[in-house]
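Trainee: Hey, could you walk me through this structure? I've never looked at it before.

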Amino acid sequence: MDAVGLTPIIPLLFAFALPLTSILIKGNRRVVQAYALLGTGLTLISSFALFQRAYSSDSPLIYTFGKWVAPVGIIYEVDRLGALMALVTAFLMFVIAVYSYRYLEGESGLEWYYTLYLGLEAGLLGVVLTGDAFNLFVMIEVTSIASYALVAFYRGRRDAVHAALKYAFIGAIGTTMYFLALGILYGAFGTVNFADLSAKIHDIPFPVSGNPVGEVVLASGIVLALATWAFLIKAAIFPNHFWLPEAHPAAPSPISAVLSGLVVNVGIYSLMRFLYTVYGGELVPGLERVVGGVAAVLVALGAVSALFGALMMNAQRDVKKLIAYSTIMHMGYLAMVVGAGTQLALQAAIFHMVNHAIAKALLFLAAGAFIHAAGSRDIGDLTGLGRRMPVATFGLSVATLSLVGIPPLNVFFSKVLLFDALMERSLALAMVIVLSSVIALVAYMRVLYRIWLGKPREDITAGEHASMAFVLLLLSAAVVLMGLAAPLLLQHYVDPAAAQMMDYGGYIKAAVEYASAFFS
């Protein structure tokens with residue numbers, strides 16, 4: 001088994017084996033933590049090997065489970081975007097695992113926390129590596145179930161249980177809609193493999209599966225309507241955002257960082273895979289109208305999400321709710337550029353997805369350090385703690401300045417790309433980025449002012465744990481360095497990923513060559 005197959009399997013095996021291992025070691029917390037670090041660390045090494053292979057190859061990598069090639073079996077087809085997102089996911093999951101130990105030092109059930117955490121990582125990696133629409137459904141379900149359970153980790157708290165149930169109910173509606181879309185997709189095309197679907201859309205021969213058997217334009221319209229609405233729920237785009245401001249704050253702060261930095265990307269990534277790989281390029285007029293309609297909906301809802309999220313940030317007293325609304329704002333940006341449909345827009349989407357993941361993880365973890373010390377999420381209760389916790393304050397400052405778009409931090413450069421990509425379509429759309437950033441700046445500065453310069457409560461003994469501080473400094477350095485190296489990152493990693501994502505012909509060719517060699 002090579003790095004393509006190993007990368008999602010490692011965390012899955014570690015997740016399955018942890019409950020039994022915990023019994024054998026009698027729940028020793030240090031061993032459980034070391035076990036989780038080993039699992040996430042090995043996954044990071046495997047993801048890095050996969051990343052190197054994907055960027056040294058001219059075509060996507062293919063991995064078949066049990067030697068069953070497409071369209072008969074489920075394959076993983078990894079292009080540069082998938083490999084890049086896998087590396088970002090594995091890196092953040094590893095450093096957040098380091099942070100989690102001290103954060104959860106007073107909590108019971110550490111073995112179940114890491115079991116779900118490793119399962120969540122396996123699901124996230126499966127989403128970005130799979131080449132099959134049905135397997136995407138399975139991996140989204142794995143991700144979702146682990147997320148629901150982790151939101152309810154504080155099962156003794158009413159708000160956590162309520163938020164988890166609401167999240168699960170809305171999430172189940174979304175995945176049911178996507179499952180219905182899959183049934184229609186299979187009925188019309190006779191396949192759910194992405195390369196095979198794209199081949200049939202573009203009238204390119206593909207081994208074994210033959211021609212579509214249904215009305216392609218009508219089926220595509222229904223499929224894209226159902227799947228898009230499902231992915232908008234997963235990405236928390238207005239009006240499907242309402243579960244997020246309760247779910248993300250109710251979870252432990254390390255899980256909030258994973259949910260807002262990585263899990264919401266599942267919806268955006270899935271939209272990109274359908275719109276650029278399956279329905280990208282030249283289409284027949286009927287399909288072009290269908291895809292154009294979906295793209296227009298994405299742009300409109302994305303703009304509303306960005307402005308709505310920015311405005312709601314200013315109405316929050318709960319620091320984690322404020323950050324959660326910031327996530328809705330940034331997901332709105334991504335929906336807008338995914339809908340824009342150009343290569344520049346795709347470059348902007350990829351770079352912003354990576355930058356937002358790292359900066360948002362840093363922001364939630366820095367806020368988590370204050371919450372851990374104060375035992376409260378109310379901004380008023382965190383007043384003045386910044387002077388007693390300089391590392392957390394530094395992390396909070398770097399993250400907020402980055403997310404607002406202050407140069408030379410990383411998000412500034414992806415916001416410039418977002419602005420340029422939307423300017424190609426309309427000045428009004430581009431101004432949504434500027435206006436929402438200014439509104440968000442007011443909310444962020446209020447939090448920074450209260451935490452840094454406010455009068456502290458006398459009854460709080462604040463301190464900073466070495467492992468949590470190390471993670472905050474590491475992510476702060478990543479935000480600064482990615483900003484300084486933005487031109488190089490764009491040239492060597494983002495632009496090649498976008499170019500390969502737009503090349504649906506290359507994606508089909510890689511799968512066809514693999515299948516043809518098997519059946520010849």
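Trainee: Is Asn240 buried or exposed?

Mentor: Asn240 counts as buried, because its relative accessibility is 8%. Buried means under 20% relative accessible area, exposed over 50% and partly exposed in between, using a 1.4 Å probe and protein chains only. Keep in mind that this is a predicted model, where local features need pLDDT of at least 70, side-chain atom pairs count only at pLDDT 80 or more, and totals for chains, interfaces and linings use all residues. Residues are numbered from 1 along each chain as its sequence is written, and side-chain values use heavy atoms, with hydrogens and water left out.

Trainee: Where does Asn240 sit?

Mentor: You'll find Asn240 in the loop between helix 8 (216-234) and helix 9 (244-250). Helices are DSSP runs (H or I, at least four residues), numbered from the N terminus.

Trainee: And what is Asn240 in contact with?

Mentor: Leaving aside neighbours within four places in sequence, Asn240 is in contact with Trp229, Leu232 and Ile233. Contact means heavy atoms within 4.5 Å.

Trainee: Which residues lie nearest the centre of the largest pocket?

Mentor: Those are Leu84, Leu87, Val88, Met482 and Leu489, out of 14 residues in the lining. The lining of the largest pocket divides into 14 nonpolar residues, no polar and no charged. Here Ala, Val, Leu, Ile, Met, Phe, Trp, Tyr, Cys and Pro count as nonpolar, Asp, Glu, Lys and Arg as charged, and the others, Gly among them, as polar.

Trainee: Which helix gives the most to that lining?

Mentor: Helix 3 does, with four residues. Helix 2 (29-56), helix 3 (80-103), helix 14 (343-374), helix 18 (466-484) and helix 19 (486-502) each supply at least two.

Trainee: How about the second largest pocket, what's in its lining?

Mentor: There you get eight nonpolar residues, five polar and one charged. The second largest pocket holds about 300 Å³ of space. Of the 14 residues that line the second largest pocket, Leu275, Tyr279, Gly280, Val291 and Gly341 are the closest to its centre. Helix 12 gives the most to this lining, with four residues.

Trainee: Back to helix 14. How many of its residues are buried?

Mentor: 28 of the 32 residues of helix 14 are buried, so helix 14 is largely enclosed by the rest of the structure. Its end C-alpha atoms are 46 Å apart, which agrees with the 46 Å that 32 residues should span at 1.5 Å a residue. That expected span is 1.5 Å times one less than the number of residues. Just after helix 14, Gly375 takes a positive phi of about 70 degrees.

Trainee: OK, salt bridges. How many are there?

Mentor: The count comes to eight. A salt bridge is a side-chain nitrogen of Lys or Arg within 4 Å of a carboxyl oxygen of Asp or Glu. One of them joins Asp196 and Lys200, at 2.6 Å from N to O.

Trainee: Where are Asp196 and Lys200?

Mentor: Both lie in helix 7 (residues 194-201), four residues apart, about one turn of the helix. An α-helix has 3.6 residues a turn, so residues three or four places apart point the same way. Asp196 and Lys200 are both buried.

Terms used. 1 Å grid on protein atoms, 1.4 Å probe; cavity = no way out; pocket = protein on both sides within 12 Å on 5 of 7 lines; lining within 4 Å. Points joined across faces, edges and corners; volume = space filled by probe spheres on them.
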